[in-house]
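Subject: Structure handover

Hello,

Here is the structure I promised you. Please open it and keep it beside this email as you read.

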Amino acid sequence: MTNLDNLCIMTGNANPELAKKIASHIGVPLCDAYVGHFNNGETQVMISESIRGKDIFIIQPTSQPVNDNLMELLIMTDACKRASAHSITAVVPYYAYARQDRKTRGREPISAKLVANLMETAGVSRVVTVDLHAGQIQGFFDIPVDHLGAAPVLASYLKDRSLDNVVVVSPDLGGVTRTRKLADRLHAPIAIIEKRRPEPGVAEVMNLIGDVEGKTAILIDDIVDTAGSLCEGAKALANLGAKEVYAACSHAVLTEPAIERINASVLKQLIVTDTIPLGDKKSDKIVVLTMADAIGDVLISIQEHRSVSHLFR
């Protein structure tokens with residue numbers, strides 16, 4: 001038996017299409033498992049095949065509905081542990097509660113740490129995730145965490161567009177590292193928007209560090225939620241002389257009124273990945289790229305006990 005023969009991919013209801021693509025890329029079938037709900041709303045998990053001694057990879061982003069999808073992940077993990085699985089890797093392309101990674105005022109929770117504790121207590125032995133909102137969340141775990149970036153996938157698409165005179169723009173001071181990673185792949189300079197948040201979900205552009213005049217600006221961020229900051233940033237770049245404005249974001253959360261704002265914005269395109277399924281959140285400006293091959297390659301390397309660092313580069 002080869003290492004891949006012992007690999008078993010399982011999915012909840014968060015993003016089954018991504019799980020199917022990952023399984024297809026690796027060349028294994030999805031594990032036969034039912035993940036549903038009892039009449040009172042409790043999560044029900046039934047695994048219909050033996051997984052004793054198997055290495056389980058549960059594909060389950062904790063996207064909307066966040067708490068339902070998180071509970072599915074925890075209960076699936078518990079079911080696998082009690083079925084004598086050899087190892088359980090939680091593949092969480094989008095990690096919920098990541099924006100609550102520290103206390104900014106008194107009497108606040110650190111929910112990102114709580115989620116890490118829940119996953120470990122349930123029996124997760126390794127985590128694979130994509131573009132955490134804050135990289136230090138890896139330190140909330142006492143198990144291995146493989147933190148995959150979407151930059152290679154985004155950069156490949158943008159290179160194929162043959163965009164002229166590109167500048168990669170960070171929407172805030174905290175996103176400079178992410179911006180530099182994409183800019184290095186595109187061999188482009190960077191610029192930084194300085195903004196302030198008078199209240200949660202509201203951003204005001206104060207200043208721009210760098211030059212965008214006459215250039216194709218690419219705003220890069222990890223999450224697009226209500227798209228307020230993104231669209232205001234795009235508008236500011238256009239007012240400062242940018243020829244065209246694109247946006248590239250790893251996780252398309254897209255809560256109301258995001259689609260309306262994107263459609264009415266100066267953005268030429270919003271490029272996202274399929275870490276979160278779009279569902280009925282459609283727009284002609286939105287382009288979806290798949291992370292299935294990148295995640296699949298990481299899972300193969302993990303299963304064959306090979307280094308994954310070259311895949312992150």
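Start with strand β1. Both of its faces are covered: Leu7, Ile9 and Thr11 on one side and Cys8 and Met10 on the other are all buried. Buried means under 20% relative accessible area, exposed means over 50%, and partly exposed lies in between (1.4 Å probe, protein chains only). Helices (H or I, at least four residues) and strands (E, at least two) are DSSP runs, numbered from the N terminus.

Some ground rules. This is a predicted model, in which local features need pLDDT of at least 70 and side-chain atom pairs count only at pLDDT 80 or more, while totals for chains, interfaces and linings use all residues. Residues are numbered from 1 along each chain as its sequence is written, and side-chain values use heavy atoms, with hydrogens and water left out.

The sheet

Strands of a sheet pair through backbone hydrogen bonds, either parallel or antiparallel. Two strands count as paired here if DSSP finds at least two bridges between them. This open sheet has 5 strands in the order β1-β4-β5-β6-β7, with parallel pairing. β1 (7-11) and β7 (145-148) are at the edges, and each has a single partner strand, so one side of each has no neighbour in the sheet. On average, neighbouring strands are turned by 20 degrees against each other, direction ignored. Axes are lines fitted to C-alpha atoms, for helices over the stretch in contact, and angles run from 0 to 180 degrees between N-to-C directions.

Now go strand by strand. β1 and β4 run parallel and are joined by 5 bridges. Cys8 stands opposite Ile56 in β4. Ile56 in turn has Ile88 in β5 as a bridge partner.

How enclosed is strand β5 (residues 87-92)? 6 of its 6 residues are buried, so the rest of the structure largely encloses it. Ser87, Thr89 and Val91 point one way, Ile88, Ala90 and Val92 point the other way, and all are buried.

β5 pairs with strand β4 (residues 55-59) in the parallel sense, over 5 bridges. Phe57 stands opposite Thr89 in β5. From β4 the chain crosses through helix α2 (residues 66-82) to β5, and this β-α-β crossover is right-handed. Right-handed means that, with the strands pointing away from the viewer, the path from the first strand over the helix to the second runs clockwise.

β5 also pairs with strand β6 (residues 126-130), again in the parallel sense, over 4 bridges. Val91 stands opposite Val128 in β6. β5, helix α3 (residues 111-122) and β6 form a right-handed β-α-β unit.

The helices

Two packed helices are described by the angle between their axes and the distance between the axes. α2 and α3 pack at about 25 degrees, with their axes 8 Å apart. That makes α2 roughly parallel to α3. The cut-offs are under 35 degrees for roughly parallel, over 145 for roughly antiparallel, 65 to 115 for roughly perpendicular, and oblique for the rest. Leu70, Leu73, Leu74, Thr77, Asp78 and Lys81 in α2 meet Val115, Leu118, Met119, Thr121 and Ala122 in α3. Contact means heavy atoms within 4.5 Å.

Helix α1 (residues 16-26) and helix α8 (residues 292-303) pack at about 55 degrees, with their axes 8 Å apart. That makes α1 oblique to α8. In α1, the residues that meet α8 include Leu18, Ile22 and Ile26. α1 also lies across β1 and β4, running at about 165 degrees to β1.

Look at helix α4 (residues 151-160) too. Which of its residues are buried? They are Ala151, Val153, Leu154, Ala155, Tyr157 and Leu158. These pack against α5 (176-186), β11 (216-224), β12 (244-252), β13 (269-273) and β14 (286-289). Ser162 follows α4, and its phi is positive, near 50 degrees.

Finally, find Leu132 in the loop between β6 and β7. Leu132 has 6% relative accessibility, so it counts as buried. Leu132 and Ala98 are 34 residues apart in sequence, yet 6.9 Å apart in space, C-alpha to C-alpha. Leaving aside neighbours within four places in sequence, Leu132 is in contact with Tyr95, Ile137, Gln138, His147, Arg178 and Asp222.

Best wishes
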